[in-house]
Amino acid sequence: MALTSDEAMNVARVLTEALPYIRRFAGKTVVIKYGGNAMVDEVLKSSFARDIVLMKLVGINPVVVHGGGPQIGQLLEKLGKKSEFIDGMRVTDRETMDVVEMVLGGLVNKEIVSLINQHGGRAVGLTGKDGGMIRARKMQVKPSESTPDEIIDLGHVGEVEGIDPGVVKRLDEGAFIPVIAPIGVGEDGASYNINADLVAGKVASVLQAEKLMLLTNTAGVLDKEGGLLTGLSSRRVEELIADGTIHGGMLPKIRCALDAVQSGVKAAHIVDGRVEHAVMLELFTDAGVGTLIKGA
């Protein structure tokens, strides 16, 4: 069935708008943190995979870092193990860490890899343990300013001590798409569960990526009236944090984005992952579907 005149014009407009971005980003690396609704809604999962394959086909090097908190919680519940959280972080004993590795490094990682490959890509699944890619240390958490010397033990919850990007670079050069589960390894060989946003930000910094994209379940950074903010400088972001505009669950994502752009990543994006083809729309259109943060 032939396109109508209006449909044809819309397609032409999209293609011509995308072309300058394709040229600009060809050969560059884009790190995408995949999570939220985009990981559980079947339509969104498919559109994400197609976006990643398209990026690779036009010469961009996508690197995917994924979360999987809800999936971990579901399996723990099936196993009869109660999840405990402190300041939004899962307390992770050795038994829970086994489940985390099973879910993140196995079930979730391989589902994403399979989905990308089904849409014509060549994805390879990794955890931070592969090739010693993510060196981790145990996270130390202080409960409050009133008890500064007390430390909460979260078990196998870690933070990034260092990244060796060698494996990722080799995969990029070989036309593969790396898909990374945020599990690191400590000096003692122990596994650590690390926040996926943090891992994505650190990977982007080490690779000196063109962009870091963090998929979320919100429209992006909003002002106090609920309007979307974009084109933000690091200085403007700090002002919005100081006056309370940016608060709550958005703070860790914004801090991650800021750290990345201040470490050499050209731009960071907080992207509405509830929108079909959100990655492609943010990358290849003038308007985008989220908040852009620049270093200057």
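At what angle do the axes of helix H3 and helix H4 cross, and within what distance do they come? The axes of H3 (residues 69-78) and H4 (residues 94-118) cross at roughly 125 degrees and come within 9 Å. This is a predicted model, in which local features need pLDDT of at least 70 and side-chain atom pairs count only at pLDDT 80 or more, whereas totals for chains, interfaces and linings use all residues. Residues are numbered from 1 along each chain as its sequence is written, and side-chain values use heavy atoms, with hydrogens and water left out.

- The contact (heavy atoms within 4.5 Å) is made on the H3 side by Gln 71, Ile 72, Leu 75 and Leu 76, and on the H4 side by residues including Thr 96, Val 99, Met 102 and Val 108.
- Nine of the residues in this contact are nonpolar and two are polar, with no charged residue among them.

**The two faces of H5**

- In helix H5 (residues 166-173), the buried residues (under 20% relative accessible area) are Val 168, Leu 171 and Asp 172.
- These residues lie on the same side of H5, because they cover an arc of only 100 degrees around the axis.
- The face turned away from the buried side carries Arg 170 and Glu 173, which are exposed (over 50% relative accessible area).
- Among the elements that cover the buried residues of H5 are strand S1 (29-34), helix H2 (42-57) and helix H6 (196-207).
- Ala 175, which follows H5, has a positive phi near 70 degrees.

Terms used. Axes are lines fitted to C-alpha atoms, for helices over the stretch in contact, and angles run from 0 to 180 degrees between N-to-C directions. Helices (H or I, at least four residues) and strands (E, at least two) are DSSP runs, numbered from the N terminus. Ala, Val, Leu, Ile, Met, Phe, Trp, Tyr, Cys and Pro count as nonpolar, Asp, Glu, Lys and Arg as charged, and the others, Gly among them, as polar. Buried means under 20% relative accessible area, exposed over 50%, partly exposed in between (1.4 Å probe, protein chains only). The arc is that of the directions from the helix axis to the C-beta atoms.
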